[in-house]
Amino acid sequence: MKKLINGVETVLTESLDGFCAAHSDIVALGEEHKFVRRRALKPGKVALVSGGGSGHEPLHAGFVGHGMLDAACPGQVFTSPTPDQMLAAAEAVGQGAGILYIVKNYEGDVMNFEMAAEMADGEVMTVLTNDDVAVETSDFSTGRRGVAGTLVVEKVVGAAAEAGADLAACKELGDRVNAQTRSMGIALTSCTVPAAGKQTFTLAEDEMELGVGIHGEPGRRRVNLMPAADIAEEIVTAIVQDFDGAARGDAILLVNGFGGTPAMELYLMYKNARAQLEKHGVRIARSLVGNYVTSLEMAGCSLTVTRLDDEIARHWDAPVHTAALRWGM
């Protein structure tokens with residue numbers, strides 16, 4: 001295992017120290033490294049709190065700031081944060097307008113956020129993201145996994161909260177964005193969790209995992225390596241079919257890298273995915289390409305499609321200022 005670390009036991013805390021120091025104008029580190037919070041809180045605003053296992057950076061801490069999250073709770077690598085982290089984060093950023101938890105559909109995350117909500121004072125609601133069309137269940141989840149579509153939910157709902165939407169409206173919008181979002185990914189290589197010290201799985205030089213999860217969970221099937229155009233066709237077909245053929249119209253296309261894929265290849269995938277979507281009558285009105293919901297150093301990518309309406313588009317376009325997303329400011 002070759003990694004830029006001092007020790008397995010300090011990877012997370014040292015990374016959080018560095019992240020918060022580098023972006024001290026945007027974020028502050030919570031006590032005992034329990035959470036990362038927005039430095040400048042907005043009085044009277046619904047507070048958005050998310051979190052999950054580390055190793056997916058910049059998700060979620062990279063999306064803390066104006067127009068997105070108020071706090072993010074980082075667990076150990078690929079491990080859910082604890083309820084006391086979530087509760088501490090909610091208490092630190094709550095402004096009296098309620099707390100909205102945004103939770104990816106993994107068993108540990110769901111259970112711990114539910115416990116935190118039960119212990120919290122004040123009103124708490126939850127949006128559950130489950131955008132992955134690859135498999136209906138996995139080793140980590142009951143039902144579909146929440147993956148890169150979580151970014152879209154956090155951006156859109158974050159803008160609505162920034163604009164003054166109340167808790168019920170933020171919850172409704174988050175559920176609607178999730179319902180309009182589909183994702184699927186592929187892996188060309190595995191990744192190495194520092195505590196494990198070895199690759200999560202192995203792929204032959206001529207193999208790829210179709211429908212892989214962001215923790216390296218198995219996908220739909222292991223297949224021979226395909227050209228990018230064929231990969232895009234396979235993923236887009238699965239996404240369009242999951243929309244029951246109703247994917248026509250304007251959409252956001254997010255091509256997300258898993259941490260080890262060069263930007264050159266991600267943009268090549270964007271070209272091919274866009275062409276495939278246009279064949280199905282989908283017009284790409286908004287685009288995002290880059291490493292946003294990663295799996296340590298895994299090579300591969302995912303495609304996320306969100307169907308747009310006027311409200312979703314308006315909030316997507318709204319100003320955002322975080323470590324990982326910045327526009328309109």
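Mentor: Let's settle burial first: buried means under 20% relative accessible area, exposed means over 50%, and partly exposed is in between (1.4 Å probe, protein chains only). This is a predicted model, where local features need pLDDT of at least 70, side-chain atom pairs count only at pLDDT 80 or more, and totals for chains, interfaces and linings use all residues. Numbering starts from 1 along each chain as its sequence is written, and side-chain values use heavy atoms, with hydrogens and water left out.

Now the bridges. The whole structure has 20 of them, counting a side-chain nitrogen of Lys or Arg within 4 Å of a carboxyl oxygen of Asp or Glu. I'd start with Arg145 and Asp132, whose side chains meet at 2.8 Å, N to O.

One of its side-chain polar atoms lies 3.0 Å from the backbone nitrogen of Ala134. The Arg145 pairing also counts as a polar contact between side chains, at 2.8 Å (N or O atoms within 3.5 Å; within protein, one must be able to donate a hydrogen and the other to accept it, and residues adjacent in sequence count only if both atoms are side-chain atoms). Skipping residues up to four places away in sequence, Asp132 touches Arg144, Arg145, Val147, Ser183, Met184 and Val212, where a contact is heavy atoms within 4.5 Å.

Next, look at a pair inside a helix. Arg274 and Glu278 join through a salt bridge of 3.3 Å, N to O. Both belong to helix H7 (residues 263-279), four residues apart, about one turn of the helix. Here Arg274 is partly exposed at 27%, and Glu278 is partly exposed too, at 45%. Elsewhere, salt bridges with shared partners tie Arg38, Lys42, Lys45, Asp70 and Glu162 into one network.

Then there's Lys34 with Glu32, where the closest N and O atoms are 3.7 Å apart. Lys34 is partly exposed at 22%, while Glu32 is exposed, with a relative accessible area of 60%.

You'll find His60 in the loop between S3 and strand S4 (65-66), buried at 4% relative accessible area. Its side chain makes a polar contact with that of Ser50, at 3.2 Å. Beyond neighbours within four places in sequence, the residues in contact with His60 include Lys104, Thr150 and Glu154.

S4 pairs with strand S14 (residues 320-322) over two bridges, at least two being what DSSP must find for strands to pair. Across that pairing, His66 stands opposite His321 in S14.
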